[in-house]
Amino acid sequence: MKEIEDILRAYAQSREDGKKVALATVVHVEGSSYRRPGARMLVTEDGEMTGAISGGCLEGDALRRALLAIIQQQNKLVTYDTTDEDDAKIGVQLGCNGIVHILFEPIDPASPHNAIRLLEQVLEKREDAVLVTLFRLNQAAQQPGTCLRYSGNSFAGSLEDGDLKAEIVRDVLEVFSTKQGLVKQYGDEKPALHGFVELLKPPVSLIIAGAGNDAMPLVEIARIQGWHTTVVDGRAIYATPARFPGARRVIVSKAAEVLQKVTIDERTVFVLMTHNYNYDLALLELLLQKEVTYIGTLGPKKKLERMLDELAAKGITIGDEERSRIHGPVGLDIGAETAEEIALSVTAEIKSVLSERTGIPLREKNGPIHTL
């Protein structure tokens with residue numbers, strides 16, 4: 001989501017500067033590729049690029065393609081095939097052994113349903129959304145482009161009513177329900193029409209209880225990833241925006257009042273690191289009464305066990321489901337010692353939990369690294 005936020009900021013600036021732009025989107029990948037479907041890059045008519053569609057190997061050629069789309073004001077699909085070892089034939093050295101299909105869409109600001117406007121609508125609220133982009137793998141064929149957005153139980157876009165839209169709507173609702181995007185062929189016309197039905201989730205909302213020095217690198221590494229971070233502490237001298245410029249919010253609050261001042265959804269995670277046992281305990285008690293996906297507690301396992309014992313003594317039931325949401329000691333075992341290393345460990349664990357991944361080394365993973 002950070003990439004989309006960056007692109008929207010760059011687009012707003014391009015509008016102020018009066019520049020024409022095109023949006024490049026990876027819509028389909030066959031085999032291996034550095035970026036997956038949904039990767040995006042905004043290109044201005046004077047060559048400024050925001051976002052990325054590869055590890056850097058495609059951007060030079062993609063710039064030329066985007067400028068051509070802007071000049072001709074036509075959507076264009078470009079295919080980069082690196083399954084042949086002779087990558088030089090397409091002018092780039094990918095080394096990924098895959099086929100990457102990228103759609104280039106010139107953005108017409110006058111269109112109420114252009115791709116950028118649909119992305120803006122996705123970010124208007126903290127909720128899951130589905131975006132549909134239609135394309136044909138024949139590069140000479142007409143490319144419909146980004147045409148439908150679903151979120152908040154409503155649809156928007158340029159897709160006209162009919163059998164095609166009805167079928168796509170069914171797929172959109174399935175993707176929204178299963179939380180798994182798809183690429184699908186629609187109809188039997190030639191050249192075939194494909195749809196990239198993409199699930200977009202809101203940014204991670206990280207609530208850090210604790211405004212000590214060790215929270216600073218955690219805020220920074222979260223900011224780099226595009227997470228929306230809130231720092232909360234009962235000490236006004238520590239909880240200040242000046243100490244945490246990368247945080248979206250800094251709140252001075254008693255533990256008992258924290259949950260009244262933040263919004264919790266399925267992408268909200270908490271890390272308790274105030275170094276104040278009673279503050280962490282009081283907040284943990286409140287969090288166990290909410291459906292919080294991830295609760296991390298800084299400190300040794302004995303500290304967490306003591307907290308849980310005290311809560312149990314108060315008659316608070318802590319079953320397997322509640323216990324599975326508590327991660328203490330917080331973080332992955334990477335040998336972290338410094339505050340910066342601990343921050344890396346913590347954010348890596350949060351990412352693995354939200355992605356429902358194990359966090360094992362990729363060399364030990366059976367099967368592909370990515371899913372759609």
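In β16, H327 is the bridge partner of G296. Strands β15 and β16 run parallel and are joined by 2 bridges; two strands are taken to pair if DSSP finds at least two bridges between them. Strands (E, at least two residues) and helices (H or I, at least four) are DSSP runs, numbered from the N terminus.

The model is predicted, so local features need pLDDT of at least 70 and side-chain atom pairs count only at pLDDT 80 or more, while totals for chains, interfaces and linings use all residues. Residues are numbered from 1 along each chain as its sequence is written, and side-chain values use heavy atoms, with hydrogens and water left out.

## The parallel sheet

β16 belongs to an open sheet of 6 strands with parallel pairing, in the order β13-β12-β11-β14-β15-β16. β13 (249–252) and β16 stand at the edges with a single partner strand each, so one side of each has no neighbour in the sheet.

Within this order, β14 (residues 268–272) is joined to β11 (residues 205–209) by 5 bridges, and these two strands run parallel. On that side, I207 stands opposite F270 of β14. Towards β15 (residues 294–297), β14 forms 4 bridges, again in a parallel arrangement, and F270 stands opposite I295 there.

Strand β14 is mostly covered, with 5 of its 5 residues buried. Buried means under 20% relative accessible area, exposed means over 50%, and partly exposed lies in between, using a 1.4 Å probe and protein chains only. Both faces of β14 are covered: T268, F270 and L272 are buried on one side, V269 and V271 on the other.

Helix α6 (residues 277–287) forms a right-handed β-α-β unit with β14 and β15. A crossover is right-handed if, with the strands pointing away from the viewer, the path from the first strand over the helix to the second runs clockwise. α6 lies across β11, β12 (228–233), β14, β15 and β16, and runs at about 155° to β14. Axes are lines fitted to C-alpha atoms, for helices over the stretch in contact, and angles run from 0 to 180 degrees between N-to-C directions.

## Helix pairs

Two packed helices are described by the angle between their axes and the distance between the axes. For helix α1 (residues 2–17) and helix α3 (residues 115–123), the axes come within 10 Å and cross at roughly 125°. α1 is therefore oblique to α3; angles under 35 degrees count as roughly parallel, over 145 as roughly antiparallel, 65 to 115 as roughly perpendicular and the rest as oblique. α1 passes α3 in a left-handed crossing. The contact is made by I4, E5, I7, L8 and Y11 of α1 with I116, L119, E120 and L123 of α3; contact means heavy atoms within 4.5 Å. A crossing is left-handed if the near helix is turned anticlockwise from the far one by less than a right angle, and right-handed if clockwise.

The axes of helix α5 (residues 215–224) and α9 come within 8 Å, crossing at roughly 45°, and the two helices are therefore oblique to each other. α5 passes α9 in a right-handed crossing. On α5 the contact residues are P217, L218 and I221, and on α9 they are A339, E340, A343, L344, V346 and T347.

## Hairpin of β7 and β8

Strands β7 and β8 run antiparallel and are joined by 4 bridges. In β8, A156 is the bridge partner of R149. The hairpin has 2 residues between the strands, and G152 takes a positive phi near 60°. N153, in the loop between β7 (145–151) and β8 (154–157), also has a positive phi, near 65°, and is a residue other than glycine. N153 counts as exposed, at 69% relative accessibility.

## Other backbone exceptions

Most residues other than glycine have a negative phi, and most peptide bonds are trans. Q73 is not a glycine, yet its phi is positive at about 50°. Q73 is located in the loop between α2 (59–72) and β4 (76–81) and is partly exposed, with a relative accessible area of 43%.

The peptide bond from K190 to P191 is cis, with omega near -5°; P191 is in the loop between β9 (182–186) and β10 (193–200). G328 and P329 are also joined by a cis peptide bond, with omega about 0°. P329 is found in the loop between β16 (326–327) and α9 (339–354).
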